[in-house]
Amino acid sequence: MRAMNNHDDAQNQGALAKSLGRVLLGTGAILMIPLVAMRFTREVNWDVFDFLVAGVLLAGIGSLYVLLTRKLRTATQRRAIGGGLLLTLLLTWAELAVGIFGSPIAGS
């Protein structure tokens, strides 16, 4: 019985690593959009700090979703967690971009 539990744990850890790897690949793919856009237009002007903050925000929210939904059984629960995290991501991104709430993290 103990061997089965170890095998199941290894499978769960492998699945978790695979999911987190997908999050990192997705984050990299999303960050390629402004990187490529900077080559073609002056409208997009990101520096290293912008990429770092966006990467941490995207990877953090994605990883949090993976970790929070691992044990949830219903799609409704996963959608609720995903919707809340997506809203958090969008509001944080908007605050960092234009300061919609006027908080100190928006800068001057």
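Visitor: What pattern does the chain follow when it is read along the sequence?

Guide: Helices (H or I, at least four residues) and strands (E, at least two) are DSSP runs, numbered from the N terminus. Read in that way, this chain follows the pattern α-α-α, with three helices and zero strands. The model is a predicted one, in which local features need pLDDT of at least 70, side-chain atom pairs count only at pLDDT 80 or more, and totals for chains, interfaces and linings use all residues. Residues are numbered from 1 along each chain as its sequence is written, and side-chain values use heavy atoms, with hydrogens and water left out.

Visitor: In which helix is confidence lowest, and in which is it highest?

Guide: The predictor's confidence in each residue is given as pLDDT, from 0 to 100. Confidence is lowest in helix α1 (residues 2-40), at a mean of 87, and highest in helix α2 (residues 48-69), at 96. For the chain the mean pLDDT is 90, and 91% of the residues reach 70 or more.

Visitor: What radius of gyration does the chain have?

Guide: This radius is taken over C-alpha atoms, and the globule rule is 2.2 Å times the number of residues to the power 0.38. The chain has 18 Å, whereas a compact globule of 108 residues would have a value near 13 Å. Along the principal axes, the C-alpha atoms fill a box of roughly 60 × 30 × 20 Å.

Visitor: How many of the residues count as buried?

Guide: Buried means under 20% relative accessible area, exposed over 50%, and partly exposed in between (1.4 Å probe, protein chains only). Of the 108 residues in this chain, 17% count as buried.
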